[in-house]
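Thank you all for making time this morning.

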Amino acid sequence: MHRQGIPGGTVAIAAAVLLTWSVGLFGCGKSKAREALTAKLVQRVSAVSAAGGTFHLAELTDFEWDTFHVFTPYIGEELIKDRLGMDWSGAREVYDTECLLVFVKGGDVVLDLSFPRHQGDFSNMKQRRFGQDDAMFTVSPGEKQIVHATQAP
């Protein structure tokens, strides 16, 4: 008697293709979200710095988050994990040319962004952890230095 159906090898290949596709899909989703947020943030910093002013970070995000962390150059992996209060697999040393911006929702990192300091520099802030309502930032006229709105002169 001849058994009909899908050979076992075909099922394994299909499963591998599906797994690769889903990993790629989710990876691309975060990559696109990072690109979109970077573009919005660069645009907002440039617009606000033209005359000086304040912007609310929540207006630029289209995903849910409750806490925003800024990690400045030379902060290492262990300090990032400590400040986040979790063993986050994305923690790494922050380079001189960037600030690492991390958005958290309910104790999980929902998005991280390596933001170039030449586009907007978060490194001079005294406070580096903000709730969504408190994430208001000021940019001085003609500058790229970003400070928390309560630090502005």
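This is a predicted model: local features need pLDDT of at least 70, side-chain atom pairs count only at pLDDT 80 or more; totals for chains, interfaces and linings use all residues.

Let me begin with a question: where is Asp121 found? Asp121 sits in the loop between β4 and β5 (129–131), where helices (H or I, at least four residues) and strands (E, at least two) are DSSP runs, numbered from the N terminus. Residues are numbered from 1 along each chain as its sequence is written, and side-chain values use heavy atoms, with hydrogens and water left out.

Is Asp121 buried or exposed? Asp121 is buried, with a relative accessible area of 5%; buried here means under 20% relative accessible area, exposed means over 50%, and partly exposed lies in between, using a 1.4 Å probe and protein chains only. Not counting residues up to four places away in sequence, Asp121 touches Cys99, Lys144, Gln145 and Ile146, a contact being heavy atoms within 4.5 Å. The side chain of Asp121 is also joined to that of Arg117 by a polar contact of 3.1 Å. By polar contact I mean a pair of N or O atoms within 3.5 Å, where within protein one must be able to donate a hydrogen and the other to accept it, and where residues adjacent in sequence count only if both atoms are side-chain atoms.

Ile146, one of the residues that Asp121 touches, takes us to the sheets, for which two strands pair if DSSP finds at least two bridges between them. An open sheet of three strands runs in the order β1-β6-β7 with antiparallel pairing, and its edge strands are β1 and β7 (146–148), each of which pairs on one side only. Neighbouring strands of this sheet are turned by 35° against each other on average, direction ignored, the axes being lines fitted to C-alpha atoms, for helices over the stretch in contact, with angles running from 0 to 180 degrees between N-to-C directions. Strand β6 (residues 136–139) pairs with β7 in the antiparallel sense over three bridges, and Val139 stands opposite Ile146 in β7.

The other sheet to look at is open and has four strands in the order β4-β3-β2-β5, again with antiparallel pairing. Here β4 and β5 are the edge strands, each pairing on one side only, and neighbouring strands are turned by 20° against each other on average, direction ignored. Three bridges join β2 to β5, which run antiparallel, and His69 stands opposite Arg129 in β5. Helix α2 lies across β2, β3 (98–105) and β4, running at about 160° to β2.

Within helix α2 (residues 77–84) we find Lys81, which counts as buried at 16% relative accessibility. Leaving aside its neighbours within four places in sequence, Lys81 is in contact with Met86, Asp87, Trp88 and Ala91, and a polar contact of 2.9 Å joins the side chains of Lys81 and Asp87. The C-alpha atoms of Lys81 and Arg92, eleven residues apart along the chain, are separated by 9.0 Å.

That leaves the charged pairs. Side chains of opposite charge can pair when their charged atoms come close. How many salt bridges are there, if we require a side-chain nitrogen of Lys or Arg within 4 Å of a carboxyl oxygen of Asp or Glu? The count comes to nine. Among them, Arg34 and Asp112 meet at 2.9 Å, N to O, and this pair links distant parts of the chain, with Arg34 in helix α1 (residues 8–51) and Asp112 in strand β4 (residues 108–116), 78 residues apart. Arg34 is partly exposed at 27% relative accessible area, whereas Asp112 counts as buried at 15%.

Asp62 and Lys40 also form a salt bridge, at 3.9 Å, N to O. Asp62 lies in the loop between β1 (53–56) and β2 (67–71) and Lys40 in helix α1, so this pair ties together parts that are 22 residues apart in sequence. Asp62 is exposed, at 64%, and Lys40 is partly exposed, at 32%.
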